[in-house]
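Take a moment with the sequence and the 3D view below. Then follow the text from one spot to the next.

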Amino acid sequence: MMFRAIFSKKINKGYQQAVVLMLFTCSLLGMSVTRADEGMTDHIGALEQGQLLEDFPKFADNYTEYQPSSSELAAVEKLNRAIAAGTKLSMDVYLGTWCHDSQREVPKLLKLYANSNVVINMVGLDRQKTDPQNLAKQAGVEFTPTIIVKVNEHVLGRIIERPQQSLAEDIWAIYQASL
């Protein structure tokens, strides 16, 4: 009986370590991790637009359904004209594939800037708002999505969870305020 209890403890501990190692390895590689306790898949780490829209149907549906307003399209066009040659406008987007705010806002952002020179870098976070490379912690991310607008790697501002007016108009306002 005592031997069985010790043996079971060793197997359980070894199993737990293997599971933790597997999850850590998956997150380092920027892979999706299925959470059996909730039946959901989370992506943790660097994330490309194609992968987001292919692997997460809610994001794809919202991307397809979103139709930018004329004022949003005008704000995107103003930004495209204002960006000087040699200037790199980028956005670091910290999102949760499990987060309803991310599911609502990130597809809009991707569609708005699909035909622009804006570079969008996405990082999937776990439910504690962390990622394997600690990028979210370094950027001071507390909520998802957090969109950090940068010019030549200099931070101009951020949009947290939802814009005040619209994503395009808020990003234009952030850019204008930096001039």
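Start at Thr144. Leaving aside neighbours within four places in sequence, Thr144 is in contact with Tyr94, Leu95, Gly96, Trp98, Cys99, Asp101, Ser102, Leu125, Lys129 and Glu161. Contact means heavy atoms within 4.5 Å. Thr144 sits in the loop between helix 6 (135-138) and strand 6. Is Thr144 buried or exposed? Thr144 is buried, with a relative accessible area of 3%. Buried means under 20% relative accessible area, exposed means over 50%, and partly exposed lies in between (1.4 Å probe, protein chains only).

A word on the model and its numbering. This is a predicted model, in which local features need pLDDT of at least 70, side-chain atom pairs count only at pLDDT 80 or more, and totals for chains, interfaces and linings use all residues. Residues are numbered from 1 along each chain as its sequence is written, and side-chain values use heavy atoms, with hydrogens and water left out.

Now step back to the whole protein. It has seven helices and seven strands. Helices (H or I, at least four residues) and strands (E, at least two) are DSSP runs, numbered from the N terminus. Along the sequence, the pattern reads α-β-β-β-α-α-α-β-α-β-α-β-β-α. The protein has 179 residues, and buried residues make up 40% of them. Take the contacts between residues at least 6 apart in sequence: 64% of these join residues at least 24 apart.

Leu47 lies in strand 3 (residues 45-47). Its relative accessible area is 3%, so Leu47 is buried. Leu47 and Val123 are 76 residues apart in sequence, yet their C-alpha atoms are 5.6 Å apart in space. Not counting residues up to four places away in sequence, Leu47 touches Leu52, Leu95, Thr97 and Met122.

Next comes the interior. In soluble globular proteins, nonpolar side chains tend to be buried together. A nonpolar core is a set of buried Ala, Val, Leu, Ile, Met, Phe, Trp, Tyr and Cys residues joined through side-chain atoms within 4.5 Å. How many residues does the largest nonpolar core have? It has 32, and those with the most contacts inside it are Leu52, Leu79, Met91 and Tyr113. The elements that give two or more residues to this core are helix 2 (49-55), helix 3 (57-65), helix 4, strand 4, helix 5, strand 6 and helix 7. Helix 7 gives the most, with six residues. A second, separate core has six residues, including Leu125, Ala136, Val141 and Ile148.

Leaving aside neighbours within four places in sequence, Met91 is in contact with Leu109, Tyr113, Val118, Val119, Ile120, Asn121, Ile147, Ile148, Val149 and Ile171.

Phe59, Asn62 and Tyr63 are buried. Seen down the axis of helix 3, these buried residues fall within an arc of 105° (taken from the directions from the helix axis to the C-beta atoms), so they line one face. On the other side of helix 3, Pro57, Thr64 and Glu65 are exposed. The buried residues of helix 3 pack against helix 2, strand 4 and helix 5.

Finish with helix 7 (residues 167-177). Its buried residues are Leu167, Ala168, Asp170, Ile171, Trp172, Ile174 and Tyr175. They pack against helix 4 (70-82), strand 4 (89-95), helix 5, strand 6 (146-151) and strand 7 (154-160).

How do two packed helices get described? By the angle between their axes and the distance between the axes. Helix 5 (residues 100-112) and helix 7 pack at an angle of about 70°, with their axes 10 Å apart. Axes are lines fitted to C-alpha atoms, for helices over the stretch in contact, and angles run from 0 to 180 degrees between N-to-C directions. Helix 5 and helix 7 are therefore roughly perpendicular (65 to 115 degrees) to each other. Glu105, Lys108, Leu109 and Leu112 of helix 5 meet Leu167, Ala168 and Ile171 of helix 7.

Gln176 also belongs to helix 7. At 42% relative accessibility, Gln176 counts as partly exposed. Gln176 and Ala82 are 94 residues apart along the chain, and their C-alpha atoms are separated by 9.1 Å.

Note on methods. Parallel < 35°, antiparallel > 145°, perpendicular 65-115°, else oblique.
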